[in-house]
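Hi everyone, thanks for coming.

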Amino acid sequence: MGLYFCIAAFALSFLAVRRSLGLGVSALLALGYAYGIVRANFGDTFSHFIFDAGCAGLYMGAWSGKYDVAQRLRVKRLWKWVIALTAWPLLLLFLPFQDFLVQLVGFRAAIFFVPAVLIGALLDEKDLEVIALNLAILNLIALAFASIEYFNGIEMFYPRNPVTYLLYRQNDVAVGHMAYFRLPGTFPTPAGYGGTMVASLPILINGILKNIRRPLLMRLVLLAGTIAAIVGVFLCASRTCAAMLFFLGGVFALSGGLPVRNWVSMAVVVAAMAWLVGTSHRLQRFTQLQDASMVSERVKGSVNTSFFDLVVEYPMGNGLGGGGTSIPYFLQGRVHGAIGLENEYSHILLEQGIPGLLLWIGFFAWVLLRPWSTRSDPLFVARRLGWFLCLASIMGGVLGIGMLTAIPNSFMLLLYLGLVAAPQAIQAKSRIVTQPVEVVEWPVRHRRYGW
């Protein structure tokens, strides 16, 4: 059954992206939203690669598409980074640090989402409009599943098996003397659910602000999808995701330049969320962020001297797949000397060594230091909020793992990195072609047309 799902995922993404880039990305995100619940119920070998097959279809369809000069300019500079970030893991794949199958899984985790940077750079206003509408619908579907899990338990959709082992260990939502599970919605983990909901907000908010004159139904769907994303963050009970939500909310509130009608709408949404969260103690796990001792313990567990010890002991890493990559249960016995910290940068270090870590840090710095687009850019809101989302994700990488391997969060993060980096390439080229040029006409007779 997993093989059939993979074939269907590849065909869906490939055919969708041939229609439009926005539709192709939407199809892949739909696969990412369904990946967790499908894999939990069809736990054969091939079910672990459903999203991979969808990515392959998207990349192949996008590669064979035709793009104008502006789109080619947007990806020109990013190509160098994509080649560098994929070439180094490809070299490590053939070094005998780990079992080859384990290294193959690690190689997939290291490079498979990297081309999403190019996809993000190619997106235009129409593509983001399509993605926003589909994200809103997907968020509402995920909220429907999470609501059922809230009242009936996660056992209804997630049977106990090796795939859901970690999911059933996260029953730390304490209400009095009762302990409840964090809710995954339709995702592999609760943190994946919350992270995807936060990642959807820049595109959704951009869609709401740019579609004021669109049909009322479309605007209501976008607003409902945004509310569903915010509620999902509290349902998943991830403190990190809640902190990122508050951070993005603060950035949006301080950005200014919004019409009065938008401020009224946002005030209504905030008031409704405050009332909903205030009436349910199960949605208030984020309040533990006020406990300084708990936060400091989390930071010490992820950022400590062990990281620097790993730099000295594993300068070339422990091999792809041997530093914290999620390995399928049927391959876990093949991992040699598995080691890792709850830190995404230690994960990169242990998998790709110091050269790989420096490559990723350099890429992050290059993207974040690109000049911002102006307010005349039709994607200004998505780029600005996307920039802050990337910043929060990169900084939050020191507190956990999964920043570059989660489904579909990592794909969305790299999509935003490409979206944020693209305007600089356009502006740089525009400064070149818009310089005043003196044109001199000479009376030349054309051989064929006679002028």
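So, is the crossing of α1 and α2 left-handed or right-handed? It's right-handed, meaning the near helix is turned clockwise from the far one by less than a right angle. Quick housekeeping: this is a predicted model, where local features need pLDDT of at least 70, side-chain atom pairs count only at pLDDT 80 or more, and totals for chains, interfaces and linings use all residues. Residues are numbered from 1 along each chain as its sequence is written, and side-chain values use heavy atoms, with hydrogens and water left out.

Back to our pair: the axes of α1 (residues 2-19) and α2 (residues 21-41) come within 5 Å and cross at roughly 155 degrees. Axes here are lines fitted to C-alpha atoms over the stretch in contact, with angles from 0 to 180 degrees between N-to-C directions; helices are DSSP runs of H or I, at least four residues, numbered from the N terminus. That crossing makes α1 roughly antiparallel to α2 (over 145 degrees). Contact means heavy atoms within 4.5 Å, and among the residues making it are Phe5 and Leu12 of α1 and Leu28 and Val38 of α2.

Next, asparagine 139, which sits in helix α7 (residues 125-152). Asparagine 139 is buried, at a relative accessible area of 0%; buried means under 20%, with a 1.4 Å probe and protein chains only. Not counting residues up to four places away in sequence, asparagine 139 touches several residues, including Met197, Ser200 and Gly225.

That's my tour, thanks!

Note on methods:
Helices (H or I, at least four residues) and strands (E, at least two) are DSSP runs, numbered from the N terminus. Angles under 35 degrees count as roughly parallel, over 145 as roughly antiparallel, 65 to 115 as roughly perpendicular and the rest as oblique. Buried means under 20% relative accessible area, exposed over 50%, partly exposed in between (1.4 Å probe, protein chains only).
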